[in-house]
Amino acid sequence: MPPQIVSLPWTWDGAREGIGAIFAACAAQPLCANRYPDLSRTLTEQVRRLEAHPLRLTARPPAAGDPVRVVLDGGALVNLLVANAVKAVDVPAALDELAHGNPERFARAQAAGATPVVGEVAHGLTQSVACSEWVPGHSESDLLRAGRRAFPGWPDTVLAQAPQLPFEHDVCRAWDVPAAPRSVRAVTRSDIPTLVLSGGFDSQTAPSSGPDAARTLGRATEVTVPYVAHVVFADSPCAQSITTSFFDTPTAPGTGCLAGLRPPAFEIAP
């Protein structure tokens with residue numbers, strides 16, 4: 001996330017880009033397109049329905065554990081998609097099931113976060129960065145306007161909260177750290193060999209931010225690995241190969257594996 005552009009309003013651009021890429025990949029496959037037409041409309045309908053009438057359910061976490069109570073409202077649905085809590089290849093089927101009265105996939109994904117592991121996330125560090133660098137300079141009205149541009153027709157109660165970082169303005173009022181100096185927004189200019197990896201399905205750090213980051217890095221290799229969501233090098237053997245090659249030859253990493261990548265086969269439910 002280039003520091004000169006990252007902000008809470010910017011998160012809506014990332015959500016639109018990543019979710020849109022998944023929908024476009026489905027639309028490009030005849031089986032998926034015929035079975036799940038107009039996914040954007042389906043998502044809008046479900047966000048509006050759940051925000052007006054949240055579902056309160058009991059669901060078992062996907063890994064293990066006892067069933068827990070979960071709430072699925074419009075904002076929860078959006079954040080599950082942005083977090084890749086339901087894998088991209090399953091998203092069309094999961095949305096179609098939700099529209100036909102079966103919320104199980106999203107409910108189980110929501111249950112997965114019901115018992116967070118203590119020590120897994122450095123909340124203090126995360127909020128210190130977000131509250132000092134990402135929140136200042138943009139108002140809550142700016143965030144709402146960005147949401148309306150990205151997803152017109154969605155409820156304001158959803159669009160007023162940044163995907164990934166809902167209620168962040170409230171959190172920052174409590175965390176109460178000072179704004180960082182304006183220098184944190186300075187554009188980085190460097191000729192150090194740099195590898196910039198993005199994922200084509202990433203709804204958290206949008207793939208379009210990769211070229212933005214690389215633009216002022218004179219010896220950067222900018223790569224978007226298609227069909228992969230967040231944390232590209234963890235999920236993509238091709239990204240791992242490129243990364244290893246970068247360490248061996250920083251100015252000319254091998255990217256040949258990209259040519260062999262094929263779109264994923266989306267789940268087609270009966």
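Colleague: What makes Cys238 and Cys257 a disulfide?
Modeller: In this predicted model, the sulfur atoms of Cys238 and Cys257 are 2.0 Å apart. The cut-off is within 2.5 Å, so the pair counts as a disulfide.

Colleague: Which parts of the chain does that pair tie together?
Modeller: Cys238 belongs to helix 13 (residues 237–248), while Cys257 sits in the segment after helix 13, so the link ties together parts 19 residues apart in sequence.

Colleague: How do you know the handedness of the disulfide between Cys26 and Cys32?
Modeller: The torsion about their S-S bond is about -100 degrees, so that disulfide is left-handed. The link of Cys238 and Cys257, with 75 degrees, is right-handed.

Colleague: Why are Cys26 and Cys32 called buried?
Modeller: Cys26 has a relative accessible area of 0% and Cys32 has 1%. Both values are under 20%, so both residues are buried.

Colleague: What makes Cys131 and Cys172 a disulfide?
Modeller: Their S to S distance is 2.1 Å, and the cut-off is within 2.5 Å, so they qualify. The pair links distant parts of the chain, with Cys131 in helix 7 and Cys172 in helix 10, 41 residues apart.

How values were computed:
Residues numbered from 1 in each chain as written. Predicted model: local features only at pLDDT ≥ 70, side-chain atom pairs only at ≥ 80, totals over all residues. Heavy atoms only, no water. Buried < 20%, exposed > 50% of the residue type's maximum accessible area, 1.4 Å probe, protein only. Helix = DSSP H or I, 4+ residues; strand = E, 2+ residues; numbered from the N terminus.
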